[in-house]
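Me: I've got this one open in the viewer. Can we walk through it piece by piece?
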Amino acid sequence: MKEKRKHVIVAGGGVAGMEAAGSLAEMGIRVTLIEKGEDPGGHLLQWHALFPGRRPAEEVRKYLRKRIAHENINIITRTTVEKIRHHGHEIIADLSGGTEERADAVIVATGFDLFDAHRKEEYGYGIYDNVITSADLEEMFNRKRVVRADGSVPSRIGFIHCVGSRDEKVNNNHCSKVCCVAAVKQAIEVRKLLPQCEVFCFYMDMRMFGPYYEELYRESQEVHNVNYIRGKVSEASVNINNRLVIKVEDTLAGRPLKMELDLMVLMVGMEMSKSGARLAEASGLNTGINRFLESADHHYGSNRSGVAGIFYAGTCTAPMNITDTISHSRAAVEETVRYLGGR
Amino acid sequence: MSSDIFIWPFNLGLYFILIYSVVRSTIWFRNLSRADKLRLQRGFFGMPFMQSIREIFMESLLHRRIFKKNPVLGYMHMSLAFGWFLLIVFGTIEADFFGERHLNPPSHAIFFRWFNPEHGTTGLASLYGHWMDFLLAFILSGLLLAIFKRFIPGMMGMKKTTRHTWTDRIALTSLWLIFPSRLLAESFTCGVHGSGGFLTGNLGAALSSLLPAADIAPYFWWLYSLSLGTFFFLLPVTRYFHIPVELLLIFMRNSGITTADRWSAYTEVQTHACSSCGVCISVCQMSRAAGINDMQSTYFVKGLRNERDIAAITANCLMCGRCDEVCPVGIELGPLRLIERRQGERPATMLSFFDRYGLTRRREHIEREQTQSYSYLAPEKEQPADVLFFAGCMTHLTPSVIVAMKKILDSAGVRYRFMDEQGGVCCGRPLMLAGRDREARELINHNSDIIWKSGAKTLVTSCPICYKVFRESYYLEAQVMHHSEFINLLIEEGSLRLGYLHRRVVYHDPCDLGRGSGIYDEPRAVISYVAELQSVAEERSMSLCCGGSLGNLTLSSEKRAMIAADTARTLTQSAPDELITACPLCKKTFVQATETRVSDIAELVAAALPRPVRKTRSRASLTAVKTATDG
Ligand SMILES: Cc1cc2nc3c(=O)[nH]c(=O)nc-3n(C[C@H](O)[C@H](O)[C@H](O)COP(=O)(O)OP(=O)(O)OC[C@H]3O[C@@H](n4cnc5c(N)ncnc54)[C@H](O)[C@@H]3O)c2cc1C
Ligand code: SF4
Ligand code: SF4
Ligand code: SF4
Ligand code: SF4
């Protein structure tokens, strides 16, 4: 009798899930990639250009699309993985719509959710017309039109860092890691698109953690004249001219500051995804105090769940950029293959 | 007579406690302010005295309030207090009526059976004996419950019992011994003489058939007297001192004395009147939702009584007022905490056993240093207005409330001025809650100046926190209204045209608006006018705090989140479409704690406003109607 081919389910078709599926397929393993949305791609589908080099996001999307175009990969979209359970040697994934999928192992790659800016009401998202999020701005870049709600061109834009991150009041103490550099990237893009527009970033600390990030930050100041103000924005309102007025505690200058803006961009942070959290809860997977999935070991087991046959890949465990997501995902594949071989 | 010396522990204890109580009350009286002394004197010859007698009967003896909260606990307190009271009254009558003389010393009533061992075998006297036995049984049933409660507190639906000091324990033991030893002493004596009611008689007969009752009886009479004497001697230094002090408190309160804002003889009487019943512990959300069990009001009051440094306990409280609401003794716990918050640093003293009998001990007022000044605030220029709208700093963090209020005021055609549109000065209440009254006063003066100069008749605010301080600590001519009251007024006078929203909503009473200011009905009237209002558990005066309280500056955000989640869960039990509140801080807190949509009452009303109809559109529809009727 021919040995049955191994089968792995990948839950979530973002960067992490697509890379994992591709790697597994390459090794002759049968993969079912299950994605909640219309198409695989995850958050990358929304981005216009990527830091640090500002290459078009489409290049990375193209790479990933090619990666999953493989005969060993079966892609199921518009389907949510709701629960993962053990059944003898098999693992069963319960899917939305009442169907189920059986496999030898599962890689969880459910990614993150953007912080819902409505929850930080003092910034006026959804209340004032010209308050947008970093994701909305990417959308504007895609359309090559950065304008105010009334169609006019802004002459001063402010980026507010740490919206929904490092903020006890919204129960998020963690740093989302990528938003500082994303703001730097977006600030440069605004300056290039609208040379007449002043740009201010309001930050707590600048966290330039990756290669070429610090260089990008420098470039933004030296070449593109982006202004950085260390301070926490406490609230926003609108004046009679329908310009936004923000109150900032300038922590370097040590005094409160008021500034008028035409457009305010909220650098929303990364949170554990809601559908990932539901999956974890239903399947009995541990989550940490930051609510992301908690790995079996912080240093040498960040892909392991602690449950046999279930592995983690990408930002479902912590905020990461694309580079780290892909590395993490490949490591998850290595762990999975080792697990399958040992059985 | 030599065998009668056993009565002396009781006699000494009784005379001690009577003299001590009289002296201590006199000193308290002397320490009252002139005005309060006068109130008390007037009260003594007027209605307050009669009211107090009634209240003492209902509360200190029958324990009606505890009864309402918790019938088992109420029965326990009632059987002990009321039962003992009846036993003393009927015992005195018995001694007077059946004893050899009239006007006996108290010991003759208390130890009646010892002095009249053969009494009551026939007729009326025997009936009376049964009655006395019944009273004893009544007390013993309560005692049994008390013992159960001590060892299995969960039984009474109480989460925790208060912690005890060793003096409390000795006093408690002697209290518990009083009635069982009386039962046995009487039974043995009755057993020897073949007398006694249904309880002592039968028990006595049984015991004497087995044991040498005549030899044993004196030991129990000694135990009875000793436990009474010990209890009386320890009374002033234990929590049981609350029994006599509560009587004084009731009389003082009925005479119109209030807590005010400084330590006084009245606040001291209050601290001694706490019975450590623990009712305040079980309602406190700090324990039930956040697992914090050391700051509840009974511990706070005990710290005051014992002169401890209780700064941490004092600060770690939501000031939600739930405990005030339920305290059966009626201690003004919130105001007491505020007084303590106003104090400067206090060295911790360890009172010795004898210090605690101290007659003249008083809590000193320690002036707190002023740390900041707002003298830089320049007076603003005069800007007249009929209606002033003050959003408040908290509302500026919830701009949707401001947007909604503007829509409502405009739609009703109210001519108003938005007092702090470009940012204003804080109302002062957060500083007051932190015990910084002098600093708060500067802000209050600044805002009062603006309000007076405007000549406004009405001051509308969106924040219950501001509302409370405007009403209580500002001296204003303008009528202060919370926006829920004002919207209700607009609806009632027909200035607001509103549609009906097909939404099922629940309402959360914000602490400072509900319990703090007594506004319960107006918000409900407004909500019911535009949507379907469902009721929730723990409404109105027992409403839960959202956990976001400005009254606590030491609570961690994790603990706050736990309280918020617990409250949100209670409120959304019926899976409503929307959770409505009337406080910007509550809104901000709940948004983080629940998936249910959270809105301020103003937002709900704004959503029910008719949509502004475009001019061109309406003309088009007019012509459409016209042609339809023409055709
Ligand atoms: C504003 C912003 C800009 C950024 N810009 C850059 C950049 O320029 N360069 C860079 O390197 N990184 C950037 N990043 C980071 C980058 O977006 C992430 O590293 C990457 O998206 C992580 O991929 P992921 O697969 O882990 O998660 P996701 O992209 O979140 O993908 C997860 C997928 O799983 C699906 N899913 C979730 N739950 C389930 C379920 N139960 N069942 C089925 N499917 C499910 C989701 O629908 C989603 O498609 C940026 C991030 C932000 C917030
Ligand atoms: S990366 Fe920067 S903006 Fe994002 S949470 Fe961290 S410090 Fe804040
Ligand atoms: S403060 Fe009131 S409720 Fe609390 S223990 Fe004392 S008497 Fe009981
Ligand atoms: S005011 Fe509220 S938080 Fe404070 S002790 Fe009373 S019940 Fe507890
Ligand atoms: S935020 Fe609202 S509910 Fe909470 S303490 Fe304040 S007024 Fe009360």
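Me: Let's start with helix α23 of chain B. Which strands does α23(B) lie across?
Reply: This is a predicted model, to be clear. Helix α23(B), residues 464-473, lies across β1, β3 and β4 of chain B. Helix α23(B) runs at about 160° to β4(B).

Me: What's the strand order in that open sheet of chain B?
Reply: The order is β2-β1-β3-β4, four strands with parallel pairing. The edge strands are β2 (416-418) and β4 (479-482) of chain B, each pairing on one side only. From one strand to the next, the twist averages 25°.

Me: And which helix packs on the sheet touching β2(B)?
Reply: Helix α20 of chain B, residues 399-411. Helix α20(B) touches β1, β2 and β3 (458-461) of chain B. The direction of α20(B) makes about 165° with that of β2(B).

Me: How many bridges join β1(B) to β2(B)?
Reply: There are 3 bridges, and the two strands run parallel. Strand β1(B) covers residues 387-390.

Me: Which residue is the bridge partner of Leu388(B)?
Reply: Arg417(B), in β2(B).

Me: An arginine. Is Arg417(B) buried or exposed?
Reply: Arg417(B) counts as buried, because its relative accessibility is 17% and the cut-off for buried is under 20%.

Me: What is Arg417(B) in contact with, leaving aside its neighbours within four places in sequence?
Reply: Gln383(B), Pro384(B), Ala385(B), Val387(B), Leu388(B), Phe389(B) and Ile450(B). There is also a C-alpha distance to note. Arg417(B) and Asp386(B) are 7.9 Å apart in space, C-alpha to C-alpha, and 31 residues apart in sequence.

Me: Switching to the surface. Which residues make the nonpolar patch on chain B?
Reply: Ile5(B), Trp8(B), Leu12(B), Tyr15(B), Leu18(B), Ile19(B), Val23(B), Trp222(B), Leu226(B), Phe233(B) and Leu359(B). Together they make a surface patch of about 1,000 Å².

Me: Which helix gives the most to it?
Reply: Helix α1(B), with 6 residues. Both α1 (8-31) and α11 (213-234) of chain B supply at least two residues each.

Me: Take Val23(B). Where does Val23(B) sit, and how open is it?
Reply: Val23(B) is in helix α1 of chain B. Val23(B) is partly exposed, with a relative accessible area of 34%.

Me: What about Ser276(B)? What is its phi, and where is it found?
Reply: Ser276(B) has a positive phi of about 55° although it is not a glycine. Ser276(B) is found in the loop between α13 (265-273) and α14 (279-283) of chain B. Ser276(B) counts as buried too, at 5% relative accessibility.

Me: Now chain A. Where is the peptide bond that is cis?
Reply: From Phe51(A) to Pro52(A), with omega near -5°. Pro52(A) is in the loop between β3 (49-50) and β4 (55-56) of chain A.

Me: Still on chain A, why is strand β13(A) described as largely enclosed?
Reply: Because 5 of the 6 residues of β13(A), residues 198-203, are buried. The rest of the structure encloses the strand.

Me: How does β13(A) pair with β12(A)?
Reply: In the parallel sense, over 5 bridges. Strand β12(A) covers residues 156-163. Phe159(A) has Cys201(A), in β13(A), as a bridge partner.

Me: Last topic, chain B as a whole. How many helices and strands?
Reply: The secondary structure comes to 29 helices and 8 strands. Chain B has 631 residues, and 56% of them count as buried. The C-alpha trace spans about 110 × 65 × 50 Å along its principal axes.

Me: What's the accessible surface of chain B, and what share belongs to carbon and sulfur?
Reply: About 28,500 Å², with 60% belonging to carbon and sulfur atoms.

Me: And among chain B contacts between residues at least 6 apart in sequence, what share join residues at least 24 apart?
Reply: For those contacts, 73%.

Terms used:
Residues are numbered from 1 along each chain as its sequence is written. Chains are lettered from A and ligands numbered from 1 in the order in which they are written. This is a predicted model: local features need pLDDT of at least 70, side-chain atom pairs count only at pLDDT 80 or more; totals for chains, interfaces and linings use all residues. Side-chain values use heavy atoms; hydrogens and water are left out. Patches are made of residues with over 30% relative accessible area and no salt bridge: like charges are joined within 9 Å, nonpolar side chains (Val, Leu, Ile, Met, Phe, Trp, Tyr) within 5 Å. Accessible areas come from the Shrake-Rupley method with a 1.4 Å probe; for residues, only the protein chains shown count as cover. A salt bridge is a side-chain nitrogen of Lys or Arg within 4 Å of a carboxyl oxygen of Asp or Glu. Buried means under 20% relative accessible area, exposed over 50%, partly exposed in between (1.4 Å probe, protein chains only). Two strands pair if DSSP finds at least two bridges between them. Axes are lines fitted to C-alpha atoms, for helices over the stretch in contact, and angles run from 0 to 180 degrees between N-to-C directions. Contact means heavy atoms within 4.5 Å.
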